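Open the structure in your viewer and keep the selection tool ready. The stops below say what to select and what is there.

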Amino acid sequence: MIRVLQRQINRKQNVLVRYLSAQPESEAKESNVEQKILKKKSSFISPEYRFQYQEFLPDPQHRLRNSVREALERKDMLSRRTQIYIPEFYVGSIVAATSSDPHSQGKTNRFLGICIDRERCGLKANFILRNVIDHQGIEIKFEMYDPTLQKIEVIKLEKRLDEKLYYLRDALPEYSTFDLNMEPELIPEGSQVPVNPLKVQLKPRPWLERWERQELKGVEDINQHLYDKHRRLAAMRATPWEKYDLMKEYRKSIPEEEQKKIFSEIFSRMKQINDEHKKNMKAKRSITKPKTLA
Amino acid sequence: MEIQLQIYIIIGVGGILIAGLILSSSLLCYYLWKLYKKVPYERSLDDNNSILRRNIAMNLDSELNRRYTQYTPEPTMKPESKIFHKGSIKSNSNVRASVIDVSDEFRYRQNDRTSSSQFNNNIVLKQNDTNPHEASIEEVTTSQPSGPLPIHPTAPPAFIANQNYGAITESIYVQQPVNNIVVVGACPVCRIVLVQSLPTDLRVTQVRFRDFMNHPRKRNPIWFFKQNRAKKVENLTPENKKFMEEITHEKYGKPVIRKGFLTFENSSSLLKSEHLAPVEWRQGLRRTGLIGRKIGHYPLWLKNGERIDTTVIQIADNYVVKYIPPDEFNPTQRKPLKNYTGRACLLIGSECVDPNKLTGNYIGLFKDSGVMPTKNLNRFIISPEAAIMPGTPLNATHFRVGDYVDVRGKTIDRGFQGVMKRWGFKGQPASHGVTKTHRRPGGIGGGIKHRVWPGKKMPGHMGNRWRIAKGLKIWRINTSTNTLWVSGHGMPGDVNGLVYVYDTVLPLRKYRDPPPFPTFTGNENELPEDIYHEEVHKFEDPTIFFEPEK
């Protein structure tokens with residue numbers, strides 16, 4: 001038990017480092033040194049992998065775990081990735097997904113929006129894109145390993161202050177309105193993923209959820225929409241001690257040793273697949289360039 | 001005065017004593033007589049030195065009848081000659097005769113006893129040439145009696161034939177009294193039960209062999225042994241532990257992971273047994289099932305872009321442990337007869353374990369097959385043609401892609417649950433003045449009949465029951481991990497729970513073309529690692545794009 005806790009504390013530190021690194025660059029500079037040391041320790045497997053390829057980590061629910069099925073799933077995920085390049089993106093990134101539909105044969109649909117959530121793991125992994133089109137909020141859930149999904153483009157790689165952005169549904173529409181023909185913003189490879197510190201203005205009540213109880217960081221002055229009653233009830237139901245509950249954290253996450261095992265299993269194949277995709281993309285880009293110029 | 005008193009006392013005491021003696025002796029005689037009556041009579045019969053074993057039960061209700069048909073007399077018992085002594089079957093009575101086995105000619109008449117009777121009718125039963133278990137009525141003869149005529153003297157004696165092995169073979173409706181029953185072709189194990197269903201003037205007394213019923217005894221299957229010798233292995237020193245390990249590894253080889261399961265190198269190959277002669281598959285033959293583990297849900301996509309939900313079953317290191325042929329297979333619980341008659345049984349084990357923890361009895365089960373002792377055992381009822389040599393490993397290739405299977409398992413134990421969870425009731429409103437009745441069932445009966453009807457849906461224990469999910473399609477097979485992708489999420493049990501996979505019994509999804517019979521015997525290495533159904537999109541295939549129709 002003590003060992004588990006110690007391991008957990010170590011892991012917590014890693015998470016902390018990671019969290020700091022997710023801050024805007026000026027704040028995160030101090031932790032860079034520490035991160036480098038950690039990187040060296042964990043040899044070739046980057047600690048970033050748990051965020052980059054989060055769907056490769058299995059469901060931490062002990063009841064549902066089975067090593068054989070997880071290995072089969074990983075194998076199938078990799079073989080699907082040979083056909084489609086699934087780039088690194090996070091909740092808060094602006095992503096465009098192109099898919100085909102049996103009801104519109106010979107065509108593809110491209111939908112661009114902000115990723116408000118990434119759910120589940122393994123082959124069931126999916127993400128939700130949100131945009132406002134013609135004053136109408138649209139959300140589409142895409143399955144990551146669906147073979148009808150043609151392409152995933154990351155238009156703007158960034159993070160937001162929260163893990164889930166469902167509150168955009170109750171925010172003013174300008175926060176989830178994006179131009180469908182947005183130009184992709186490229187970030188130099190290897191650089192840290194920027195965190196957008198944007199704070200969102202919510203519409204007045206009624207809301208879809210009780211946002212005041214969720215300790216949201218990305219919402220501007222939520223108090224202006226609340227009565228005393230709301231504040232009191234929120235304070236009543238707050239669970240500030242939960243962040244110290246190591247066992248809860250342990251049950252919700254995959255232990256670090258297991259993560260390393262998983263990523264070392266897929267590392268070489270994943271690298272090979274990604275390199276191939278990048279090569280193909282470069283080749284395509286060089287062909288398309290003269291057309292844009294003309 | 002005193003002397004007189006003494007004499008009186010002596011006489012009185014003596015009288016009491018004598019009376020007691022007489023009473024006790026008469027009681028003794030009575031019981032002896034009763035005992036004598038109970039003992040079945042023995043008499044050798046001269047005809048072909050064969051013995052007829054018969055038992056007459058008259059005026060029995062259906063239960064008594066069943067009791068008698070279940071009873072098989074012991075071979076030492078001899079037939080009884082006084083069967084018709086106290087009476088005879090009167091007119092207008094329905095007589096049924098049950099013949100268990102007829103193999104030898106035998107004639108039995110009872111002319112002496114019935115000489116006083118006024119009628120002389122005979123029923124002649126004869127053994128069938130083709131089926132010795134059946135007898136048919138050959139002739140029914142009537143001779144005109146000298147005394148008063150029967151009720152319908154002109155009507156010929158009618159009879160209804162009802163032939164069925166082991167049950168009542170002949171049913172005769174007798175309109176005239178019967179005195180003689182002549183059985184032609186009887187045998188040592190012949191038994192006739194005569195039952196008169198019409199409760200008219202019947203005078204034949206019951207003759208019983210025993211006063212008690214043969215209660216069915218609890219008889220466990222031969223493989224029901226205590227499995228584990230101890231919960232833990234004793235506190236052995238490290239050297240001893242190593243020594244024990246070495247012994248097991250010497251016999252069964254070193255532990256290896258084969259097809260996703262931890263087993264031992266020689267778990268199945270201790271005996272090099274040959275395969276049985278192959279039998280050609282035909283409709284109606286039943287193959288063995290397999291023991292598997294449900295390992296989780298898995299999405300698959302079809303080539304038309306549709307997503308299907310499947311559940312993965314891993315066939316858990318299966319070996320044939322024992323074959324029990326039909327005549328030895330005698331289960332305690334006989335379910336529908338059609339499923340059991342002529343069927344054999346195959347005992348299959350799965351997941352090899354360290355034998356150090358097991359009892360000697362349990363290990364003895366595996367001795368003949370040469371299979372390493374396994375954690376799980378299950379019997380599968382098969383046709384004798386589908387027998388497999390003990391020691392043979394069974395794999396997922398026993399099934400094919402596109403086949404339908406039934407999966408049996410124990411549902412998740414949810415404990416005591418209310419009606420909302422257990423039966424999906426709606427519950428009652430959360431507010432609007434409702435107090436204390438938010439998840440309750442509401443009324444459970446009442447009205448004209450003041451009672452709760454049996455089977456009413458109520459709170460109670462939910463789950464932990466054997467259930468079968470039928471007719472599930474196999475979409476994909478992985479030969480390297482022995483896994484089956486089976487349609488749906490409705491399979492009973494939790495992830496990592498044991499399930500039993502059978503060929504389906506649903507009539508429209510049964511095999512049309514011959515499956516691997518009795519199991520897959522080809523070389524598994526020649527098969528591809530992943531076998532997909534033709535409709536399934538392989539993950540390594542290019543992205544689906546719907547071309548416009550021309």
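Two terms come up at once: buried means under 20% relative accessible area, exposed over 50%, and partly exposed in between (1.4 Å probe, protein chains only); helices (H or I, at least four residues) and strands (E, at least two) are DSSP runs, numbered from the N terminus. This is a predicted model, in which local features need pLDDT of at least 70, side-chain atom pairs count only at pLDDT 80 or more, and totals for chains, interfaces and linings use all residues. Residues are numbered from 1 along each chain as its sequence is written, chains are lettered from A and ligands numbered from 1 in the order in which they are written, and side-chain values use heavy atoms, leaving out hydrogens and water.

Select helix 6 of chain A, residues 228-237; its buried residues are A:H230, A:L233 and A:A234. They lie on the same side of the helix because they cover an arc of only 100 degrees around the axis, the arc being that of the directions from the helix axis to the C-beta atoms. On the face turned away from that buried side are the exposed residues A:D228, A:R232, A:A235 and A:M236.

Next, go to A:P206, in the loop between strand 5 (149-156) and helix 6 of chain A. A cis peptide bond links A:R205 to A:P206, with omega about 5 degrees.

In chain B, select B:P518, in the loop between strand 21 (498-503) and strand 22 (530-532). The bond between B:F517 and B:P518 is also a cis peptide bond, with omega about -5 degrees. Most residues other than glycine have a negative phi, and most peptide bonds are trans.

Last, select B:E351 in strand 13 (residues 344-352) of chain B. Phi of B:E351 is positive, near 65 degrees, and B:E351 is buried at 7% relative accessibility.
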